Amino acid sequence: MHNAPEFKIPIGPQHPALKEPEGFSVALKGEKILGVDIRLGYNHRGIEKAAEERTYIQDIYLLERVCGICSHSHSTCFIQAVEEIAGLAVPSRALYIRTIIGELERIHSHLLWLGVAGHEIGFDTLLMYSWRDREVVMDILASITGNRVNYGMNTIGGVRRDINPEEKQEILNGLKILEERTKYYIEIATQETTIIKRLSGVGVLSREDVLRLDAVGPTARASGVKRDIRADDPYAAYGELSFDVITDDHCDVYGRTVVRVKELMESYKIIRQALEKLPDGPLVVKAPRKIPIGEAISRYEAPRGEDVHYVRSNGTEKPDRVKVRAPTLANVQAVKHMLKDRFLADMPIVIAAIDPCFSCTDRMVHLKEQDCGSDKVINWPSLHTYSIEWHKERGIDFTQLNKKLQERFTR
Amino acid sequence: MLGSLFYIIVFPGLIFLITFALIAEFIDRKIYARLQNRVGPPWFQPFADFIKLAGKEDIVPADSNAKMFKVAPIFALASAITAFLYIPLWKTSSLLSFKGDIIVVLYLLTLPTLAFFIGGWYSTSLYSRIGSVRSLTQLFAYEVPLFMGILASALLADTWSLKGLAEFYMAHPWFWVFNLLGFGVALISLLGKLEKVPFDIPEAETEVVAGGFTEYSGRMLGFLRMTLDVEMIAGSALLALVFFPFGLNVNPVLGFLIFIAKILFIVSLISLLRTVVARLRIDQMINFCWKFLVPLALLQLLLNLILKGVLLK
């Protein structure tokens, strides 16, 4: 192994270990990783720009689709900022319902993560089991909100659907099953020999590195940094509920697993309290169509860590600027650090351990032309003409086709 | 002449072996699925997979050494099938046998791994190269305990041929109980040979896509997958003979049923083992083999040496 040649292998943009396109170029010496280059930008969808073209109400549904898993996180984070600008006092029943959905979402995200982590270390049984149990929480979400993901619960000034007593009972019944299963997973994750062998000592990120690289969420908490927006800067109903911020000092992937499974237990506790305390009252206050001039930053503890939205309004019904900072962007630099001098076999689980969501985090990459290093910005009409020319050069002419189509439509 | 041709090609040779191997693959997959709370495939799935692959185009990478790339799968399948012909199934004698055929069977069962290495290496893809180097690295870890486990049993019987081994254990019933430790060692090593969890490191999907098999497609991939199935049967048959040598030389129908039961027992043990553990890293795998399996195999050898002195005086 000492004289093994150095070479680079691509992990991504298309690779079985990654659920979303992202480029990792890994320099290897034998099985050892010398360095990793991360390239974002394969999944950029221009959501921030699109949000500026839509009204606030439309934006809720757009921003909900930033992420498939933490959809409620993004929409709540956005409307919290909008409500702050508009100075709306959201009724407390709505805040409690937001909290309940947020925690149910955390349960479904953490169970999903547990399965993915199992798959990355070749333990498919764990994947099958935890995804089966995840169906319980998915069913609860579906019956409360009408959807398994992208719940559409939030609206400016409150929530759109109520939780009635039968649904409350359904949630409590589901939690009973989930709690029992989670205890079993805690047992597996902390006792199964091969899992411990594959997880402990892998992807070490010390406390100092967390503070230096600004990691968030379970990644930070697993290194003993007590960083949780729910406790640090309470939003929704978290200020009135009691729960513990789970931390761990293993500083490795094992610690991140322990933090996540223990957080599941905290989520059950929070939901039980919230259902018990659920106050009576209206679900929503009337929000103005045009939001007054102002700006606000809103923070939200998504399952993957701190989510930040910035909204600036200009007094119209459309926002002037929306900025999304998904938790993965804060954690992705830590991956590079964690992979240094590790084995290739650790790569999938180390990447998975931050629970990456690349499509949420993706942003525009400004490309420089490789040959001359100069910038090239191309706008929509010139791109259109360029593509027509490009096809013409290769013998495909759309002008005739266009004419025909137009004739047909005008007829 | 015609008789032995029938033996080699139809029963218990090629056609029977391949059918049985595919059925065993189904059983393995079904047990694995049921233990994971899934429904699992229908019984004809392995056959359908093979027919589908056989009907597809073979793509040979432009940079690869085409000859080596194409020969490796056939070479692997042929050696796994040949190994099976040397193993006594429900009689004490087998189709082909000579003094020292234990070594030949073990050698023939090693060849597929070498063929996987050659095929992976010459396909020149980076994933294939890493995967094939891993399978070769792994070979050096599991072969030693596997050989020691099997040869410990032969040591007790004082023979180098499978026929002699079978005859010895028929003459001394219940002696196989002493070899159960060796069976455990050999079974775990067999998981490495078959590249199954926890030793599926060479084809770890989340790390190196499909390892040495990454560039294979169509018929050649079908052959490679069938090699693993046939190897599973041949390996299980070898373990069944060496560690459970009873019910041989009875009525052929009963003997056949006992043989099938033994193989299925070993196959279901393999499925069970791969359900309950995670994949190890290559360094952990080598440590495990040399630190735990080899000492256990040595213990078995020591035990058999003592037994030989005490019981067979």
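Predicted model: local features only at pLDDT ≥ 70, side-chain atom pairs only at ≥ 80, totals over all residues.
Chain A contains 16 helices and eight strands. Its radius of gyration is 24 Å, close to the 22 Å that the globule rule gives for 411 residues, so chain A is as compact as a globular protein of that length. Taken along the principal axes, its C-alpha atoms fill a box of roughly 70 × 65 × 40 Å.

One place to begin in chain A is the sheet built from β1, β2 and β3. This sheet is open, has three strands in the order β1-β2-β3, and pairs them in antiparallel fashion. At its edges stand β1 and β3 (32–39) of chain A; each has a single partner strand, so one side of each is left without a neighbour in the sheet. On average, and with direction ignored, neighbouring strands of this sheet are turned by 20° against each other. The strand β2 of chain A covers residues 23–29 and is joined to β3(A) by seven bridges, the two running antiparallel. Within this pairing, A:V26 has A:V36 of β3(A) as its bridge partner.

Further along chain A, a loop lies between α5 and β4 (154–155), and A:N150 is found in that loop. Most residues other than glycine have a negative phi. A:N150 has a positive phi of about 50° although it is not a glycine.

Another open sheet of chain A is made of three strands in the order β6-β7-β8, again with antiparallel pairing. Its edge strands are β6 (294–302) and β8 (319–325) of chain A, and each of these pairs on one side only. From one strand to the next, the twist averages 15°. The pairing of β6(A) with strand β7 (residues 305–313) of chain A is antiparallel and extends over nine bridges. In this pairing A:G294 stands opposite A:S313 of β7(A). A helix also packs on the sheet: α3 (residues 71–86) of chain A touches β6 and β7 of chain A, and its direction makes about 150° with that of β6(A).

The hairpin of β7(A) and β8(A) has five residues between the strands, and in it A:G315 takes a positive phi near 85°.

The next subject is where the two chains meet. Chain A gives 24 residues to the contact and chain B gives 21 residues. Several elements of chain A each supply at least two residues to the side that touches chain B: β1 (6–11), α4 (92–120), α5 (124–145), α7 (193–199) and α13 (347–353). The largest share of that side, five residues, comes from α5(A). Sorted by class, the side of chain A that touches chain B has 14 nonpolar, four polar and six charged residues.

Chain B has 12 helices and zero strands. Its radius of gyration is 19 Å, close to the 20 Å that the globule rule gives for 313 residues, so chain B is as compact as a globular protein of that length. The C-alpha trace of chain B spans about 65 × 50 × 40 Å along its principal axes.

One helix pair in chain B can be followed in detail. Helix α4 (residues 66–85) of chain B packs against helix α10 (residues 218–243) of chain B at an angle of about 20°, and their axes are 9 Å apart. The two helices are therefore roughly parallel to each other, since angles under 35 degrees count as such. The crossing in which α4(B) passes α10(B) is left-handed. Among the residues making the contact are B:I74, B:L77 and B:I81 of α4(B), and B:F223, B:T227 and B:V230 of α10(B). By class, this contact has 16 nonpolar, one polar and two charged residues.

The last stop is a loop of chain B, between α8 (180–193) and α9 (205–208), where B:P198 is found. Most peptide bonds are trans. The bond from B:V197 to B:P198 is cis, with omega near 5°.

Note on methods:
Residues numbered from 1 in each chain as written. Chains lettered and ligands numbered in written order. Axes fitted to C-alpha atoms, helices over the stretch in contact; angles between N-to-C directions. Helix = DSSP H or I, 4+ residues; strand = E, 2+ residues; numbered from the N terminus. Parallel < 35°, antiparallel > 145°, perpendicular 65-115°, else oblique. Left-handed = near helix turned anticlockwise from the far one by under 90°. Contact = placed C-beta atoms within 7 Å. Nonpolar A, V, L, I, M, F, W, Y, C, P; charged D, E, K, R; others polar. Pairing = 2+ DSSP bridges. Rg over C-alpha atoms; globule rule 2.2 N^0.38 Å.
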